[in-house]
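Reader: I'm new to this one. Could you walk me through how to read it?

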Amino acid sequence: MLHSPRRLEALLGAPLHLVTYAQIAALVNNPDAREAEDLDYKVDIPDGDRERREKGNDDVAVDVATFANHTGGLIIVGMADVGDIPSKAMDVGFQRLQSRIRNAVAARVHPMPRFAMREVPNPATPGHGFLLISIPPSSQAPHAVSNPAQKNESPLRWPRRHGADKVWLSESEIAAAYRRRLMGAGDQVDRLRELEDEAVIAAAMTSARQGYPRPLLVVTVVPDLPGDLLLDGTKVRDFDERTKSEVVMLGAHTATFDSVGVAHRRLVAEAGATTVYAVRAQLYTDGAATFALHPTAISPFVSDKLTVCVLDAEIVSRTASALRYLARHARDRAAAAGSAIARVMLVADTHLHPAVSAKPELETAWPFDDPDLIRYRVDLNTTTRAIDGHRSLGTRFIRLAFGEAAVSLDDLADDGRPLARATAAVCGDLFQAYGVPENQQIRRDGTINRRAWGGHWDQIEKWAQKAGVPLADED
């Protein structure tokens with residue numbers, strides 16, 4: 001998907017995946033459309049003899065790396081400029097242009113950054129028009145460029161956007177950029193744990209106070225490249241209006257949340273806050289978010305009262321729903337970009353999570369007066385063909401388990417098979433804690449196993465048909 005910054009959408013009058021030839025051509029002689037930190041124009045990608053072609057390949061590779069090493073941006077190929085202001089639509093031929101650019105970047109930029117391209121044809125001359133090259137900011141920065149056009153320079157150089165121009169990073173700036181890359185992963189994990197703890201504490205102080213054991217599922221998404229949502233009255237009103245009708249759960253037909261609120265640097269949506277059916281989403285201004293609910297605790301067939309049985313199909317369904325919802329907040333509301341860490345946490349009772357203890361300020365002294373509390377364990381179950389039947393699926397009973405995977409925000413937010421693949425990866429990692437190698441509901445290739453869903457199949461079937469997710473035996 002094209003990285004579509006809000007400023008450029010406002011300038012063009014539409015998101016990059018929808019903008020028309022006429023809208024781009026209308027930028028001509030518009031001083032507000034001058035080249036900037038996030039915008040560049042190129043008349044064409046030079047072709048011809050070998051020297052001219054190599055120069056064109058070098059230039060476009062450097063330009064892509066320049067934006068990837070900064071805050072991302074857009075290159076419009078097929079537009080001339082004078083004094084950085086677009087001056088004339090020149091149109092370029094599309095034949096083999098995208099593959100040439102992709103090969104040029106792959107051969108010259110290390111590591112290869114993510115970017116996307118879109119042809120916007122001129123209705124009057126099919127096969128010609130503008131080519132949009134959209135580059136998101138990169139969590140893998142800095143990106144080095146090898147063999148740029150300046151042959152007398154160092155074989156590796158690191159460009160970065162500076163205003164409407166580029167600069168080459170100094171040795172100290174390169175070292176600092178690599179240090180940020182290495183530290184970023186650790187900071188991201190710390191952020192994930194912090195937000196998960198906040199979600200657990202919120203549940204402990206509300207819905208988990210009515211009884212125990214009450215298992216808790218928390219899904220957390222933390223983008224590699226944070227967004228920056230300006231939280232004000234207008235944003236809250238828009239969020240409230242949208243939430244009234246938003247259906248979060250896959251295949252459902254009614255709105256998921258019934259109330260919204262604001263907390264420190266986050267929007268909050270919830271339903272049934274003090275009941276066993278509580279669902280709560282906390283959506284942070286940097287694009288990170290959590291989704292918490294209590295999965296149904298079904299009665300075990302064994303007499304062990306310390307076993308908390310939950311169904312695998314419900315965990316998979318709720319996780320997929322949460323991942324899609326949280327990614328759409330990150331990408332579409334907070335303007336976060338790139339990849340993310342997604343984690344799902346399942347605990348036998350909310351009070352057994354390390355974030356919750358018998359602290360007077362949290363008012364959670366109950367139920368810690370029960371010495372058996374710490375003995376509760378989750379038994380992962382799956383449905384059987386018998387009416388309301390279920391059986392133990394795993395070989396291990398676990399108090400607290402996690403599943404984690406690196407995911408693409410676009411894959412999650414765009415729904416369909418990419419979301420299914422990501423869900424399979426996260427849930428598969430979680431289920432291994434219970435001695436189960438992978439989930440039965442969604443295969444690693446993103447196809448659906450209809451026989452494994454039990455009572456959840458009706459809703460999942462509706463979602464799969466609408467989102468174009470194939471069945472495992474039909475792919």
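Author: Let's go from the overall fold to a helix, a pocket and some backbone details. This is a predicted model, where local features need pLDDT of at least 70, side-chain atom pairs count only at pLDDT 80 or more, and totals for chains, interfaces and linings use all residues. Residues are numbered from 1 along each chain as its sequence is written, and side-chain values use heavy atoms, with hydrogens and water left out.

Reader: How many helices and strands does the protein have?

Author: Helices (H or I, at least four residues) and strands (E, at least two) are DSSP runs, numbered from the N terminus. Here there are 10 helices and 22 strands. The radius of gyration, taken over C-alpha atoms, is 26 Å, close to the 23 Å that the globule rule gives for 475 residues, so the protein is as compact as a globular protein of that length. That rule is 2.2 Å times the number of residues to the power 0.38.

Reader: What do I look for in helix α3?

Author: Start with its span; the expected value is 1.5 Å times one less than the number of residues. Helix α3 (residues 50-68) has 19 residues and reaches 27 Å from first C-alpha to last, close to the 27 Å expected. Next comes burial: buried means under 20% relative accessible area, exposed over 50%, partly exposed in between (1.4 Å probe, protein chains only). The buried residues of α3 include G56, V60 and F67.

Reader: Which residues lie nearest the centre of the second largest pocket?

Author: Rolling a probe the size of a water molecule over the atoms shows where empty space is left. On a 1 Å grid over the protein atoms alone, a pocket is an open set of points where a 1.4 Å probe fits, with protein on both sides within 12 Å along at least five of seven lines; lining residues have an atom within 4 Å of a point. In the second largest pocket, 24 residues form the lining, and Y277, H294, T296, E314 and R318 lie nearest the centre.

Reader: And what about the backbone?

Author: Most residues other than glycine have a negative phi, and most peptide bonds are trans. D415, not a glycine, has a positive phi of about 70°. D415 sits in the loop between α8 (409-413) and α9 (417-431), and counts as buried at 13% relative accessibility. The bond from H110 to P111 is cis, with omega near -10°; P111 is in the loop between β6 (109-110) and β7 (116-122).
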